[in-house]
Amino acid sequence: TALEAAGGTLAASPALGGAHAVPTPEGTSEEWNTDPPTSGPHYQVPAVWGTYDDPVNQAQVVHNLEHGGIAVQYGPDVPAASVTALKGFVQQDQPRGTILAPYAALGSQIALGVWVTENANEPEEGTAYLAKCPAFDQTAFEAFFDAYQFQGPERFPADTLLTGRT
């Protein structure tokens, strides 16, 4: 509801299997059903948690989502002030289990992606959520994080998903 009130959309897709089937960090998968990807085959090593000024390999980001994290990605046409606000939000309010990075295909939008399962023992029964927003809205983004973070098919304690670590 908060995302819709902020002018955003939220799409739910069936989660895809989590095989380490992408052979290189910069690889892709034809199985991915969202853009940016939110579940499915991925590279065997996740990305380092944190804030990036350059795009991150999506095959690694999907692995981070499998661990219960959230990826916040933004297009090149998102205003600099919004990117600064996103960085503050991630670094101050959501420093665990979060990746923030640019993603060219988003244009002027901001995307939040997450891979959720009700039961960590049944990863194929999950849902991948992708929110797209025209601007940063702290209330909407907090609601997304509160609803979905740390519920991936491979659940790691939040205190282990720290900035600077994989």
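## Strand β4 and its partners

Strand β3 (residues 70-74) and β4 run parallel, joined by five bridges. Within this pairing, valine 72 sits opposite leucine 100 of β4. This is a predicted model, in which local features need pLDDT of at least 70 and side-chain atom pairs count only at pLDDT 80 or more, while totals for chains, interfaces and linings use all residues. Residues are numbered from 1 along each chain as its sequence is written, and side-chain values use heavy atoms, with hydrogens and water left out.

β4 also pairs with strand β2 (residues 50-51), again in the parallel sense, over two bridges. Here glycine 50 has isoleucine 99 of β4 as its bridge partner. Strands here are DSSP runs of E, at least two residues, and helices are runs of H or I, at least four, numbered from the N terminus. Two strands pair if DSSP finds at least two bridges between them.

## The whole sheet

Zoom out and you get an open sheet of six strands with mixed pairing, in the order β1-β6-β5-β3-β4-β2. β1 (9-14) and β2 are at the edges with a single partner strand each, so one side of each has no neighbour in the sheet.

## How covered is β4?

Five of the five residues of β4 (residues 98-102) are buried, meaning under 20% relative accessible area with a 1.4 Å probe, protein chains only. In a regular strand, side chains alternate between the two faces of the sheet. Both faces of β4 are covered, with Thr98, Leu100 and Pro102 buried on one side and Ile99 and Ala101 on the other.

α3 lies across β2, β3, β4 and β5 (110-116), at about 165° to β4. Axes are lines fitted to C-alpha atoms, for helices over the stretch in contact, and angles run from 0 to 180 degrees between N-to-C directions.

The axes of α3 (residues 80-93) and α4 (residues 138-148) come within 12 Å and cross at roughly 40°. That makes α3 oblique to α4, oblique being what is left after under 35 degrees (roughly parallel), over 145 (roughly antiparallel) and 65 to 115 (roughly perpendicular). Leu86, Phe89 and Asp93 of α3 make the contact (heavy atoms within 4.5 Å) with Gln138, Phe141, Glu142 and Phe145 of α4.

How values were computed. Buried means under 20% relative accessible area, exposed over 50%, partly exposed in between (1.4 Å probe, protein chains only).
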